[in-house]
Structures are given as C-alpha cells and as structure tokens.
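Try each task yourself before you read the solution.

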Amino acid sequence: MNIFLTGKPGSGKTTLLKEIIEEVGGEACGFFTPEIREDGERTGFWLEDVKTGDKGVLASVEIEEGPTVSKYKVNLEGLKRFSEKVSEDLEDCDTVVIDEIGVMELYSDEFEEMLNRAIESDKLLLATLHTNLVERFGDKGRVIWVTRSSSRDIKEKVLEIIKGGP
C-alpha cells in the first residue's frame, strides 16, 4: 500500500508523517529531509535516516557542484548513499518512509530506482510528495492533501486506511 501526503510547504506533511509512523509501529526504513537553518535562514536540507538518525546533506547553498534547484545545489553522492541504504533495508522493514519525493530527489537515478522498488513492493510506503509531482505519481497509490487545519483529521483517515478501512 502506497500513501502519498501532499500539500503546500509548511502544511505539516512531515510532522504528520512522523506521527503516523509512531502509531503504525513496526520496523521503518527510509529518510526525512529536514531543513538546515543558519541564523534563522534556510540554507539547505538534511537527509536523516529514520532508523539510525544518521545525517547527510541533501542540498545546500554551500555546495558548489550538482544540479541546481532554486538556490540550492543537490548533493547527488549523499542522496545516492541514502537511497542505496533504503534499498538494502527494504527486505527487513515493514514501512518505507520517504520525505520527500520532489524535484531534488529525482535528479538521482539511485533514488528513482529505490522509489520504484518501494512502490512495487508489498511494504507500506508512506511518503510526502511535492505538489508538482501528483500527476506523475497519483496513480501509484493514495494521494492525500494536507492542510495545516486538517492534519489531525488526516492522521485518523490515514491510520484507518492502513488498517484496511475506506
């Protein structure tokens, strides 16, 4: 089962994702992409392993090479390493967590390969999905729109879906 949470930046997708993972339990693998902030300003994004908490840089204003998305350069080597780890962990986990499926991540062939394996697997895939990619991935699972005001209701809805409800 594949569930994609989408919505505007700041709508609470990642927070909701973390709450759902806690409720679902079991062994989770994958990564989060929290912001890197310096002096109150966003300067990039981390890759953070769900199981171990290990961190690497996904993208940053300080990286000099790599594809450019907005003001950031994407760290393809770091993304490759994290994507390969998720692929290795796929067999032993119950839930695959990908935060987020976005333009930055799709520059990596290894990320796309891991994502396709996760989508096609019998594992529960919980992912946040950039709004620009809903059309591309919408037929691969359930897409749920998140707003700041609806996140509590959505959490219950997602948990019901996971447990076999509508």
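**Exercise 1. Find the sulfur atoms that pair up in this predicted model, and say which parts of the chain they tie together.**

Step 1. Search for cysteine sulfur atoms within 2.5 Å of each other. Cysteine 29 and cysteine 93 meet this cut-off, with their sulfur atoms 2.4 Å apart.

Step 2. Cysteine 29 belongs to strand S2, while cysteine 93 sits in the loop between H2 and S8, so the bond ties together parts that are 64 residues apart in sequence.

Step 3. Check for others and for burial.

**Exercise 2. Is threonine 95 buried or exposed, and which residues does it touch?**

Step 1. Locate the residue: threonine 95 is part of strand S8.

Step 2. Compare its accessibility with the cut-off. Buried means under 20% relative accessible area. Threonine 95 has 4%, so it counts as buried.

Step 3. List its contacts, leaving out residues up to four places away in sequence. Threonine 95 touches Val24, Gly25, Glu27, Ala28, Cys29, Leu124 and Leu126. Cys29 in this list is also one of the disulfide partners.

Step 4. Follow strand S8 to glutamate 100, which lies in it too. The peptide bond that joins aspartate 99 to glutamate 100 is cis, with omega about 25°.

**Exercise 3. Describe helix H3: what is its length, which residues are buried, and what do they pack against?**

Step 1. Start with the span. H3 covers residues 109-120, which is 12 residues, and its first and last C-alpha atoms are 17 Å apart, close to the expected 16 Å.

Step 2. Pick out the buried residues: Phe111, Met114, Leu115, Ala118 and Ile119. Viewed down the helix axis, they fall within an arc of 135°, so they line one face of H3.

Step 3. Turn to the face directed away from the buried side. There you find the exposed residues Asp109, Glu113 and Glu120.

Step 4. Look for the packing partners of the buried residues. They are strands S1, S2, S8 and S9, together with helices H2 and H4.

Step 5. Inspect the start of H3. A side-chain oxygen of serine 108 comes to within 3.3 Å of the backbone nitrogen of glutamate 110.

**Exercise 4. How compact is the protein for its 166 residues?**

Step 1. Count the elements: five helices and 10 strands.

Step 2. Compare the radius of gyration with the globule rule. The protein's value of 15 Å is close to the 15 Å from the rule, so it is as compact as a globular protein of that length.

Step 3. The C-alpha trace spans about 50 × 35 × 30 Å along its principal axes, and 46% of the 166 residues count as buried.

Definitions and conventions. Residues numbered from 1 in each chain as written. Predicted model: local features only at pLDDT ≥ 70, side-chain atom pairs only at ≥ 80, totals over all residues. Heavy atoms only, no water. Helix = DSSP H or I, 4+ residues; strand = E, 2+ residues; numbered from the N terminus. Expected span 1.5 Å × (residues − 1). Buried < 20%, exposed > 50% of the residue type's maximum accessible area, 1.4 Å probe, protein only. Arc of directions from axis to C-beta. Contact = heavy atoms within 4.5 Å. Polar contact = N/O pair within 3.5 Å; in protein donor to acceptor, adjacent residues only side chain to side chain. Rg over C-alpha atoms; globule rule 2.2 N^0.38 Å.
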